[in-house]
Amino acid sequence: SPSSTPSKSPSLSPSKGPVEIEGEIHYDDIAMCNLDDSAELIAATEAVLEGIACDGFSNENCQAEMTSVCGVPVQEEVSMDRKLQSSSSNWAVHGYEITLNGLNSVDAQSVADILEAVEQDIESANEDGTFVQQLIAAAGAAGMSNDMTSMLLGAVVLVTNESTPSLPASRWYPAWGHTGDYCLNDGNEPLYMRLNPGQWTEPLLSSCCKRYYD
């Protein structure tokens, strides 16, 4: 949320979905770039992410999907050598995406609050160990061996960014919370403005300054 807003905020238009939250799971064993039972791990991980992030959503309105393994798209069949080459460190990085639908009738500020709550749920599950515990249990239930599930102990789940509608470079927004009264078009506008650019932004610097600061 913004650090300050006008005393009389205009009403927000409905946001347009879907909205995606992208993230990564880091494993401290490079062997996680090449698993014989990767399909079982992918299915288990998706189920755990949905259980953590989709609380309060119906099944059709919140889905988790694994998108990459060590930089290689999940859908792409690759050899072990290519997977290992795609990793630039001793960490194996698996990418995921959570898609939220059914938000068209929700105002932009509420969507921003929902995204923040989902992100906090993921961060909390990472910090208190819930994610790792549930992942090990789900992977074991899916048929992964004990040797394989032990490799999940060092897993760290992160949210890397919220993929929301982007603004053209010519869109200017009020830089509330910064020192001074001015507008910016640096692409760092608050989430609620990105979700509803027509309500908050202007195509010209002069019109933005006139609207918000004159």
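**View 1. Pairing of strands β1 and β4 in the predicted model.** The bridge partner of Y27 in strand β4 is A92, and in this predicted model the pairing of β1 (residues 19-27) with β4 (residues 92-100) runs in the antiparallel sense over nine bridges. Strand β1 is mostly covered, seven of its nine residues being buried.

**View 2. V72 in strand β3.** V72, which belongs to the strand spanning residues 72-73, is buried, with a relative accessible area of 5%. Between V72 and G95 the C-alpha to C-alpha distance is 9.2 Å, although 23 residues separate them in sequence.

**View 3. The disulfide of C33 and C70.** One of three disulfides in the structure, this link places the two sulfur atoms 1.9 Å apart and is left-handed, with -90 degrees about the S-S bond. The pair connects distant parts of the chain, 37 residues apart, with C33 in the loop between β1 and α1 and C70 in the loop between β2 and β3. C33 is buried at a relative accessible area of 0%, and C70 is buried at 3%.

**View 4. The disulfide of C54 and C62.** The sulfur atoms of C54 and C62 are 1.9 Å apart, and the torsion about their S-S bond is about -65 degrees, so the disulfide is left-handed. Both cysteines are buried.

**View 5. The disulfide of C183 and C208, with C209.** C183 and C208 are joined with an S to S distance of 2.0 Å, and the torsion of about -85 degrees makes this disulfide left-handed. The sulfur of C209 lies 4.1 Å from that of C183, its closest cysteine sulfur, which is too far for a bond; C209 is partly exposed, at 25% relative accessibility.

Methods
Residues numbered from 1 in each chain as written. Predicted model: local features only at pLDDT ≥ 70, side-chain atom pairs only at ≥ 80, totals over all residues. Heavy atoms only, no water. Buried < 20%, exposed > 50% of the residue type's maximum accessible area, 1.4 Å probe, protein only. Helix = DSSP H or I, 4+ residues; strand = E, 2+ residues; numbered from the N terminus. Pairing = 2+ DSSP bridges. Disulfide = S-S within 2.5 Å.
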